[in-house]
Amino acid sequence: AQQNKLPIPTKSFIEKLKNKDNPEEEYFTKYLGKKSERILKRFSESKDVCAKEFEFKTGIKLKSDSCSETGSDVEIVFLNYPKSEVIKFVEWFFNTNDNIWNKSKTKYQPKEEEAGCYFEIKESKSKIILSYYCGC
């Protein structure tokens with residue numbers, strides 16, 4: 001099967017997204033194009049959207065949930081992408097001196113068990129699921 005490659009973002013684009021809440025959504029929208037967007041959940045008081053699901057033109061699906069007060073959960077499904085591309089994606093947008101990869105490059109998490117972002121890559125036949133949780 002043909003393996004997809006992610007478009008390489010410019011350095012200035014990566015810099016611009018450094019401290020944003022949703023770099024993955026901005027990157028996929030700009031470089032791949034959005035196919036659909038669905039609201040999954042809103043905060044009860046403010047009615048602000050706190051969970052959404054997107055599909056992008058190359059079949060990448062993104063689900064983000066920031067409804068809990070302790071942190072946010074994101075799940076991205078990469079269809080027909082090699083694991084090396086998913087690793088690159090994590091390193092473009094979430095590279096930090098606080099995190100390290102495990103030997104098999106399936107987990108990228110804080111060296112000390114502390115607040116921060118925990119990434120996990122799960123592989124199955126035609127897709128790779130990247131899930132991460134950022135919390136305090």
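A pocket here is an open set of points on a 1 Å grid over the protein atoms alone, where a 1.4 Å probe fits and protein lies on both sides within 12 Å along at least five of seven lines; its lining residues have an atom within 4 Å of a point. The views below come from a predicted model, in which local features need pLDDT of at least 70, side-chain atom pairs count only at pLDDT 80 or more, and totals for chains, interfaces and linings use all residues. Residues are numbered from 1 along each chain as its sequence is written.

**View 1. The centre of the largest pocket.** Look here for Lys20, Asp21, Asn22, Pro23 and Ser72, which lie nearest the centre among the 34 lining residues. The pocket has a volume of about 660 Å³, meaning the space filled by probe spheres set on the points, with grid points joined across faces, edges and corners.

**View 2. The elements around the pocket.** Strand S2 (49-56) and helix H3 (83-94) are among the elements that each supply at least two lining residues. S2 gives the largest share, 5 residues. Helices (H or I, at least four residues) and strands (E, at least two) are DSSP runs, numbered from the N terminus.

View 3. The chain has 3 helices and 8 strands, in the order α-α-β-β-β-β-α-β-β-β-β.

Conventions. Side-chain values use heavy atoms; hydrogens and water are left out.
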